[in-house]
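Look at the sequence and the model below. This short report walks through a few side chains and how they meet.

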Amino acid sequence: MKMTARPINFKFNEYLNKGYELLKKDFGNFVLAFIFCMVLSIIPFCGIMAVGNFYKYCRKVNKGEQANPSDIFNFDDFAAYIIFQLIIIGIVFSIYIPMFFVFPFMGHGEEPSPVLGVFFIFYIFLIIIVIIFLSLKAFYIPALISLGGVKDIKTAWNMSKIMTKDNLLSILLFSIVISFLSQIGILLCGIGILITMPYFYTTHYFAFEDAMQQIEYDEIKEIGQKNEY
């Protein structure tokens with residue numbers, strides 16, 4: 001099966017509903033899989049890979065295939081994810097480097113220049129905007145690596161940029177809503193996170209799975225459609 005990147009028809013409510021239904025389907029094992037995610041995340045550079053493996057687990061459960069929470073401890077995509085995380089670290093460092101040149105002028109007990117103060121506030125605001133924008137444009141990279149089998153980060157980035165075209169607002173709202181719901185678990189004496197965080201990931205899984213289905217290119221099906229004409 002080939003994939004052709006194209007803007008995704010983002011189905012906000014569908015992902016929320018399907019994520020809940022899938023979680024109910026095998027709740028105990030999903031909680032266990034999430035715990036394994038947290039355990040694997042303790043190992044440096046394994047956090048994002050653990051989440052990617054969670055999406056693979058979701059796919060197996062959703063398709064009725066044999067799935068085991070221990071599937072989280074799979075290192076097939078380790079190389080791709082470590083490169084992805086190193087790129088993220090590099091971007092973060094490059095964004096914050098200018099701040100190291102500003103801080104020395106804002107200390108030493110002297111009153112900071114108003115110009116530097118305005119610059120600092122503007123730069124922090126700019127950082128937030130840039131991080132949000134890059135995060136949204138890279139939204140589908142975990143899906144492309146874990147569910148689409150794309151191991152080259154540059155290819156995944158270029159595909160994700162196309163797939164998020166005209167969908168940034170929907171993806172942002174989706175991320176805000178799901179993040180808000182997942183944080184409720186922390187308020188429920190912390191233990192509730194074992195319910196809300198698996199839901200956070202199952203909803204993302206359906207957003208990713210739907211995107212993969214929309215960009216899949218079935219050559220045999222395409223030939224059949226051409227023959228109809």
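Y96 lies in helix 4, residues 78-102. Helices here are DSSP runs of H or I with at least four residues, and strands are runs of E with at least two, all numbered from the N terminus. Y96 is partly exposed, because its relative accessibility is 33%. Buried means under 20% relative accessible area, exposed means over 50%, and partly exposed is in between (1.4 Å probe, protein chains only).

Leaving out residues up to four places away in sequence, Y96 touches Y123 and I127. Contact means heavy atoms within 4.5 Å. Y96 and I127 are 31 residues apart along the chain, and their C-alpha atoms are separated by 8.2 Å.

## How the model is read

This is a predicted model: local features need pLDDT of at least 70, side-chain atom pairs count only at pLDDT 80 or more, and totals for chains, interfaces and linings use all residues. Residues are numbered from 1 along each chain as its sequence is written, and side-chain values use heavy atoms, with hydrogens and water left out.

## Aromatic pairs

The whole structure holds 20 aromatic pairs. Rings of Phe, Tyr and Trp (its six-membered ring) pair if their centres lie within 6.5 Å; planes under 30 degrees apart are stacked, over 60 edge-to-face, and the rest tilted. F10 and F139 are edge-to-face, because their centres are 6.3 Å apart and their planes stand at 65°. These two residues are 129 residues apart. F10 is buried at 10% relative accessibility, and F139 is buried at 9%.

Y140 and F208 form an edge-to-face pair, 6.1 Å centre to centre. Y140 is buried at 0%.
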